[in-house]
Amino acid sequence: MLRLLSIALLLAIWWTAALFVGGAKLPSPPVVLHVIIAEAASGALFLHLGATLARVALAFVLAMSLGSAIGYLMGRVKLADRLGDPWLILLLNLPALVVIVLAYIWAGLTEAAAIAAIAINKLPTAVVTLREGTRALDRSLDEMATVFAMPRWRAFRHVVLPQLAPYIAASARSGLSLVWKIVLVAELLGRPNGVGFEIGVAFQLFDTPRLLAYSLTFAAVVLVIETALVQPFEARATRWRPRAA
């Protein structure tokens, strides 16, 4: 109910502001809703949303897989940490726009270049989070697994992975929020479809209702995924931890 009240308050403020500013700069909610319905009826809205979600999914899985493996290695092996730390600092501070532009220059305006650029921007945050999680592992539990002669995979599954689960969940949540933003920039600069592409077209045409229609629809999808998937996953991953009173 609080979320619904918050959304209702936002709509009220938006509608009031539209009356003062004017429909040319800030169209009212009914105008934007009409554009959303029209785009959905034509099928364009679902086409572009699907393209964006596919890029998000591929880049996110790629970045989380590589980032988790590299972060775990850097947390376990000091040599790997020392060798990888300069590269990690570089990637953390390199602007996302630079990565995307270089990917398009080197690999062309291709789907692979866009997904790789998005994944590279997400990769260092996953590495840092998993590295810190690996450093925080309880060494006594490793010793227990060794004493009981647990196979490596079984020890990783039942001893290491539960300790890393909260860090994986935190990395997934923060990383997904980053990917949502970067994918629109990648589509704006070099893809022929997607929400970012449509926002770019709307900007060139000064079509504010269309720009808001795609932006708000994208935001609504992000909110649904966050509420239905990300938050339950994070709660499940951290369920074994004691809660504050």
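Student: Which residues does UniProt list for "transmembrane region"?
Tutor: The unreviewed UniProt entry lists residues 56–75, 87–107 and 211–233 under that name. Please keep in mind that the structure shown here is a predicted model.

Student: How much of residues 56–75 is helix, and how far apart are the end C-alpha atoms?
Tutor: That span is 100% helix and 0% strand, and its end C-alpha atoms lie 27 Å apart.

Student: And what about residues 211–233?
Tutor: There the chain is again 100% helix and 0% strand. The end C-alpha atoms of residues 211–233 are 32 Å apart.

Student: Where does UniProt place the domain?
Tutor: The unreviewed entry places "domain: ABC transmembrane type-1" at residues 49–229. Over that stretch the model is 89% helix and 0% strand, with the end C-alpha atoms 18 Å apart.

Student: Moving on to packing, at what angle do H3 and H10 pack?
Tutor: Helix H3, residues 44–76, and helix H10, residues 208–237, pack at about 50°, and their axes are 11 Å apart. Because of that angle, H3 is oblique to H10. The crossing of the two helices is right-handed.

Student: Which residues meet there?
Tutor: From H3, the residues are Ala 44, Leu 45, His 48, Leu 49, Thr 52 and Leu 53. They meet Tyr 214, Thr 217, Phe 218, Val 221 and Ile 225 of H10. By class, the contact of H3 with H10 has eight nonpolar residues, three polar and no charged.

Student: How do H6 and H8 cross?
Tutor: The axes of helix H6, residues 111–135, and helix H8, residues 152–190, come within 9 Å and cross at roughly 165°. H6 is therefore roughly antiparallel to H8. Their crossing is right-handed.

Student: What residues make that contact?
Tutor: On the H6 side they include Ile 118, Asn 121, Lys 122 and Glu 132. Those of H8 include Leu 164, Tyr 167, Ser 171 and Gly 175. The contact of H6 with H8 divides into eleven nonpolar, seven polar and two charged residues.

Student: New topic: how many aromatic pairs does the structure hold?
Tutor: The structure holds four aromatic pairs. One of them is formed by Tyr 72 and Phe 156.

Student: What is the geometry of the pair of Tyr 72 and Phe 156?
Tutor: The pair is edge-to-face, at 5.6 Å centre to centre and with 80° between the planes.

Student: Where in the chain do Tyr 72 and Phe 156 sit?
Tutor: Tyr 72 is in helix H3 and Phe 156 is in helix H8. The two residues are 84 residues apart, and the pair links distant parts of the chain.

Definitions and conventions:
Residues are numbered from 1 along each chain as its sequence is written. This is a predicted model: local features need pLDDT of at least 70, side-chain atom pairs count only at pLDDT 80 or more; totals for chains, interfaces and linings use all residues. Side-chain values use heavy atoms; hydrogens and water are left out. UniProt positions are given in the numbering used here, feature names are shortened, and annotations may be inferred rather than shown by experiment. Helices (H or I, at least four residues) and strands (E, at least two) are DSSP runs, numbered from the N terminus. Axes are lines fitted to C-alpha atoms, for helices over the stretch in contact, and angles run from 0 to 180 degrees between N-to-C directions. Angles under 35 degrees count as roughly parallel, over 145 as roughly antiparallel, 65 to 115 as roughly perpendicular and the rest as oblique. A crossing is left-handed if the near helix is turned anticlockwise from the far one by less than a right angle, and right-handed if clockwise. Contact means heavy atoms within 4.5 Å. Ala, Val, Leu, Ile, Met, Phe, Trp, Tyr, Cys and Pro count as nonpolar, Asp, Glu, Lys and Arg as charged, and the others, Gly among them, as polar. Rings of Phe, Tyr and Trp (its six-membered ring) pair if their centres lie within 6.5 Å; planes under 30 degrees apart count as stacked, over 60 as edge-to-face and the rest as tilted.
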